[in-house]
Amino acid sequence: MAKHLTPGRIVLYAALLLMAIYYLLPLYVMLSTSVKTLDDIRGGNLIALPQSITFDAWSKAWSSACTGVECGGMKGFFWNSVKMAVPSVLISTLIGAVNGYVVSMWRFRGSDVLFTLLLVGCFIPFQVVLLPMARLLGELGIANTTSGLILVHVIYGLAFTTLFFRNFFVTIPDELVKAARIDGAGFWTIFFRILLPISGPIFMVCVIWQFTQIWNDFLFGVVFASGESQPITVALNNLVNTSTGVKEYNVDMAAAIIAALPTLFVYMVAGRYFVRGLTAGAVKG
Amino acid sequence: MAALSINNVCKTYANGTEVLKGIDIAIEDGQFLILVGPSGCGKSTLLNMIAGLDDISSGDIEIGGKRVNDLSPKDRDIAMVFQSYALYPSMSVRKNISFGLEIRKMPQGEIDATVERVAQMLQMTHLLDRKPSQLSGGQRQRVAMGRALARNPSIFLFDEPLSNLDAKLRVEMRTEIKLMHQRLKSTIVYVTHDQIEAMTLGDRIAVMKDGIVQQFGSPQDIYDNPANLFVASFIGSPSMNFIPAQVVESAGVLGVKICDDQGCVILPLPHAQDKMQPWLGREVIFGIRPEQITDARTAYRAGLPVMACHIDVIEPTGPDTLVFVSLNNTKVCCRTHPTEAKLPGHSMELVFDVSKAVLFDPATEQRIA
């Protein structure tokens, strides 16, 4: 349907365009600064286009920039983050799926209370659990390790993943589980063969949410990991704060983009499932 | 195939709500049992308990002479068809039917043969590779029945299977279920809130209300001899007329006194003399079905009491015209032949066939005669 361009519409589009520019500007500044030379940065202004494009800052950020006393770039820490985020996301999503399955389909005495308590977990600020968690990790002998960090993120993520899966499963008729029980399927058969195959959308929602949270986390990373096991967010902070005379804005920007790329990537790949999941509603058989 | 017996079964929830208060029902092998009642009467709970999806608080359920109280659903040799069909969304029709067989470790060759046989029986061979979301409501219903049939259980349980279908399809599927029962001679327990489904399908009907079986019997028996006011009003459409009336004596015969604004008649009830005796001079509820008040042409017997009544409203249904009159200040529905019905505002002679009329105690609502 073709709409005529009325003055009202022109104003509307102009406003939208302005908003879009406003939101995209920081990204532009980061990208353009990361490919400028230091001279270019010092000489020009912040939003000017680069005079010549160079990826030196990127390679330096990746492999040789100094984060504190180490000068190995972001490379190692990037993989640290991957090693931390991938297991954390998968474990917390899977356990959340089982939790959600139990509190929605296998109600038992006190399951509502349990679920309410889990919900409270969504509202506990990070800072509150720092000290008890540090003690727990110490007792378990996994302080300052990636495994320790994974444990922290799994525990913290469970409240959310359980909530997501529970809210998804309650929209599925109980009769589906009843039918499967009469067909002879047990607890795990019903979970793996009937419910998981239709949980794709909510699985994606969980993965995006958890990955973004865990990858971007700074506080747990800085507290519970040290030295070689630090995640990329902490390394980025160290990199920006470590200066030997000259502040290398181009390297800082490149490092920041490297740190942000995986979440962007996950959202681009899985984002359409995210939207599809929210609009499908084809579960009702 | 197996007989089913339910002995003094009760269900009380943890918060003290009594859902079922001592249910006793027994049917023979191959019978079609209907559990019917308004919502909240406990019929679905009872079905779930037969299936083993819900625990029994006290009492026993026996399938084929074997006590199944503590058996899990899969060990009771039952199959169930649900209102929402409950097809597994991610599986094809073929998978939906074979899932239960695979779990029971049936050899693959046998599974394929069973799926084929069931699909042919229900004429859905061409649907086998579709997903449930690609099927219409009636087709899904068919698949759900196929899934139950494939298992060849000793009892089929149906939980309001036709409620989600449109009116036309519902009537078609009703006939199909009945045909299936006649062919397979299977034992079926069928829950519905629709009294027409109950009447048309059942060998035995249990009419339930408030967790109690109000009456258990054959459809015709329940229609002709309702045990109380509730059963009489629930079964039959349009519903039985309930007219408050006084028991009087006339020429040595007891009857009920029926008046409209033009005068009164006494309807003698020769079949109920003994039971009416204690009620002489007192008020009872006189129950008479619409088809028992009709025009002279439709009434097939001569010598029945006749009364000229003032017509309030008529409702033509096609085969009959329902005529509404006012007797003892109560709206009364009469079923007459379309060509005999007079227009509203006019007077019409109505014939009362009282041979099947019933009387209820106004206080307890129990049947008197």
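Axes are lines fitted to C-alpha atoms, for helices over the stretch in contact, and angles run from 0 to 180 degrees between N-to-C directions. The model is predicted: local features need pLDDT of at least 70 and side-chain atom pairs pLDDT 80 or more, while totals for chains, interfaces and linings use all residues. Residues are numbered from 1 along each chain as its sequence is written, and chains are lettered from A and ligands numbered from 1 in the order of writing.

**View 1. Helices α7 and α10 of chain A cross at roughly 155°.** The axes of α7 (residues 146-169) and α10 (residues 200-216) come within 10 Å; helices are DSSP runs of H or I with at least four residues, and strands runs of E with at least two, numbered from the N terminus. The crossing angle makes the pair roughly antiparallel (over 145 degrees).

**View 2. Residues of α7(A) meet residues of α10(A).** Among them are A:Phe160 and A:Phe164 in α7(A), and A:Trp209 and A:Ile214 in α10(A). The contact residues divide into nine nonpolar, five polar and no charged (Ala, Val, Leu, Ile, Met, Phe, Trp, Tyr, Cys and Pro count as nonpolar, Asp, Glu, Lys and Arg as charged, the others, Gly among them, as polar).

**View 3. Chain B touches chain A.** Chain B gives 22 residues to the contact and chain A gives 17 residues (C-beta atoms, placed from the backbone, within 7 Å). On the side of chain B, β6 (78-81) and α2 (93-103) each supply at least two residues. That side has 15 nonpolar, four polar and three charged residues.

Technical notes. Angles under 35 degrees count as roughly parallel, over 145 as roughly antiparallel, 65 to 115 as roughly perpendicular and the rest as oblique. Two residues are in contact if their C-beta atoms, placed from the backbone, lie within 7 Å.
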